Amino acid sequence: MKKIFAVLMVLLLSAGFVFADEAADDYDDGFVYENNGKGDQYLKIGIMPFFPLNFGDQLKVGGGAEIGYYRFVSESIAMGGEITVTFNPTLAKNALTLIPITFNVMYQPVFGKIEVPLTLGVGTYFATAQNASYFPGLSLVGEAGVFYRFSEMWSFGAEGKFVCTPQWVKNSEYNKTGLFAGLTICARYHF
């Protein structure tokens, strides 16, 4: 008799758990998950081919890498900075090395798990070619990209990058403006 009573008690208590599960599914606490919010941050790393746009055959396609940090000031606007290191081989088998350091403002609309960052930046750059160097120079950067939010902490994607580097010297007939483009493959770590 004691065994039958114990089995009936276990079944009675188990039946309550079955019905409680259905009630829990109907609970809505009003929380809506947003990909980004004010105060969210991320680190970005990327590699790219780097194309000279206005050098004729004097420069060849090179490469580069970048690292950046951004902090959201609202759900869709972030501020941060990037350091990019690039190189382009020259006609004489040397290399033009360009290192822009920029402060950037980014607007990023979100469509589900797809994020579309649009970025404008201004800063300085350091350039070397052969035995000459140039610093400081004005660096203007524009970027547009598409990222897939893989998880809460990671997103992966690509960005098109445009870099303008005017070079002003004392003798104005030697002033030049370098125009470059890059296609960056990036990973972003969100925290």
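**View A. Nine bridges link strand E1 to strand E10 (residues 176-190), and the two run antiparallel.** The model shown here is predicted: local features need pLDDT of at least 70, side-chain atom pairs count only at pLDDT 80 or more, and totals for chains, interfaces and linings use all residues. Residues are numbered from 1 along each chain as its sequence is written, while side-chain values use heavy atoms, with hydrogens and water left out. Strands, like helices, are DSSP runs numbered from the N terminus (a strand is E with at least two residues, a helix is H or I with at least four). Two strands pair if DSSP finds at least two bridges between them.

View B. A handy landmark is Gly46, which stands opposite Glu66 in E2. As you look along a strand, remember that in a regular strand the side chains alternate between the two faces of the sheet.

View C. E7 and E8 are antiparallel and share eleven bridges; one place to look is Thr128, opposite Ser133 in E8.

**View D. The largest pocket has a volume of about 620 Å³.** Rolling a probe the size of a water molecule over the atoms shows where empty space is left. On a 1 Å grid over the protein atoms alone, a pocket is an open set of points with protein on both sides within 12 Å along at least five of seven lines, whereas a cavity is a set where a 1.4 Å probe fits but cannot get out; lining residues have an atom within 4 Å of a point. The points are joined across faces, edges and corners, and the volume is the space filled by probe spheres set on them. Here 23 residues form the lining, with Phe55, Leu96, Ala129, Gln167 and Lys176 nearest the centre. At least two lining residues come from each of strand E4 (95-107), strand E7 (118-129), strand E8 (132-149), strand E9 (154-167) and E10. The lining has twelve nonpolar, ten polar and one charged residues. In this count, Ala, Val, Leu, Ile, Met, Phe, Trp, Tyr, Cys and Pro are nonpolar, Asp, Glu, Lys and Arg are charged, and the others, Gly among them, are polar.

**View E. A salt bridge joins Lys44 and Glu143.** The term means a side-chain nitrogen of Lys or Arg within 4 Å of a carboxyl oxygen of Asp or Glu. By this rule the count comes to nine salt bridges. In the Lys44 and Glu143 pair, the closest N and O atoms are 3.6 Å apart. Lys44 sits in strand E1 and Glu143 in strand E8, so this pair ties together parts that are 99 residues apart in sequence.

**View F. Two backbone spots deserve a second look.** Most residues other than glycine have a negative phi, and most peptide bonds are trans. Lys93 has a positive phi, near 65°, and its place is in the loop between strand E3 (77-89) and E4. The peptide bond from Phe135 to Pro136 is cis, with omega near -5°; Pro136 lies in strand E8.
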